[in-house]
Amino acid sequence: MSDQASNLRKLMEDRAEIQSENASESVSNNIFDQDKNTRVITITSGKGGVGKTNLAVNLAIALQMIGKRVLVIDADIGMANVDVVLGSVSKRNMLDLLEDDVSLEDVLVKGPHGVTYISGSSGVEKALNFTVEERRRLHNKLSPCSDFADIILIDTGAGLGRNVVDFVIAADEVLLITTPEPTALSDAFAVIKTYFLHSDKKSLRLVVNRIFDVNEATDTTDKLNATSKTLLNVPIECAGYIFEDRAVTECVKKQIPFIVAKPNAIASKCINQLVDSLLNGKQMTITKGWLEFLNQIFDF
Ligand SMILES: Nc1ncnc2c1ncn2[C@@H]1O[C@H](COP(=O)(O)OP(=O)(O)O)[C@@H](O)[C@H]1O
Ligand SMILES: [Mg+2]
């Protein structure tokens, strides 16, 4: 058994022990409650290269630093790079779960800085073309994720490809990252429009990245909010912002997340403030949870 697998098994055993110690309800109720308590947050963008993966990885580390159990799922098709930003290497990816002899433990990577993640695969875009049996297999093997994660962060690709849209629509919460550039804004609005037309949940908030001053975040939010209110009749809120920071680029080159290498950098401070906003600010109501998310992704 690999180190990762044994770590995970230990984690799950600990979890089971705590659950059985606290068991005042039936086992099935516990599983149900556990699932509903897992926040599934999809990180997406209209335009590519605006900072999704850096947000996902650094947010995951900041959350686990304050005791949250976080799982990152790399669902960026064709440009899966969570492991690159983390400075990690994964031998397996999510689609390997289709093999009979590959278990969830085999694809989970206990990466550096305490981040557990599942690597992306270029084949994930075929999600809707899987046979019922293949979808059932992925669904069943991924289901236990909510047992050991308080928060599941999903790093998607950019734009409105079918696969990205599925992940966005199925999530209880969406963080839509954009820069203040007009091109990024119009692409972000396209995502907002699709989300509000197709999702039964209305929990999408902005993260404005690469700003030079706070006014840029306010202006960006105001512009998207005004368009959204006029055309869709829904207001858009901002969950947080991240300053343009050379530390981000330097750390990407060194393959060490900036929140670890440069905890005092302004980008790191912004990530910590975003954590505060996510955990203590206006809370989204959780009604679906992980299993319902999987049901929607795999079409059950
Ligand atoms: N706040 C920031 N300050 C400076 N550069 C940034 C910032 N955010 C992102 N970048 C740059 O943008 C690049 C792309 O970021 P990444 O997270 O990979 O985007 P995406 O996942 O959306 O494609 C990074 O490698 C980095 O060079
Ligand atoms: Mg990315």
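Around ligand 1 there are 15 residues, of which the closest are Lys 52, Thr 53, Asn 54, Asn 209 and Asp 245, a residue being near when one of its heavy atoms lies within 4 Å. The model is predicted, so that local features need pLDDT of at least 70 and side-chain atom pairs pLDDT 80 or more, while totals for chains, interfaces and linings use all residues. Residues are numbered from 1 along each chain as its sequence is written, and side-chain values use heavy atoms, without hydrogens and water.

The shell divides into five nonpolar, six polar and four charged residues, where Ala, Val, Leu, Ile, Met, Phe, Trp, Tyr, Cys and Pro count as nonpolar, Asp, Glu, Lys and Arg as charged, and the others, Gly among them, as polar. Polar contacts (pairs of N or O atoms within 3.5 Å) include those tabulated here.

| Residue and its atom | Atom of ligand 1 | Distance |
|---|---|---|
| Gly 51, backbone N or O | oxygen | 3.0 Å |
| Lys 52, side-chain N or O | oxygen | 2.7 Å |
| Asp 245, polar backbone atom | nitrogen | 2.9 Å |

Taken alone, ligand 1 exposes 570 Å², and the protein buries 86% of that, with areas from the Shrake-Rupley method and a 1.4 Å probe. Two or more residues of the shell come from each of α3 (52-65), β7 (204-211), β8 (237-243) and α11 (246-254), these being DSSP runs (helices H or I, at least four residues; strands E, at least two) numbered from the N terminus.

Elsewhere, the lining of the largest cavity has ten nonpolar, no polar and no charged residues, among them Trp 290 and Phe 293, and helix α14 (residues 289-297) gives the most, with four residues. A cavity is a set of points on a 1 Å grid over the protein atoms alone where a 1.4 Å probe fits but cannot get out, and lining residues have an atom within 4 Å of a point.

Technical notes. Chains are lettered from A and ligands numbered from 1 in the order in which they are written. A polar contact is a pair of N or O atoms within 3.5 Å; within protein, one must be able to donate a hydrogen and the other to accept it, and residues adjacent in sequence count only if both atoms are side-chain atoms. On a 1 Å grid over the protein atoms alone, a cavity is a set of points where a 1.4 Å probe fits but cannot get out, and a pocket is an open set with protein on both sides within 12 Å along at least five of seven lines; lining residues have an atom within 4 Å of a point.
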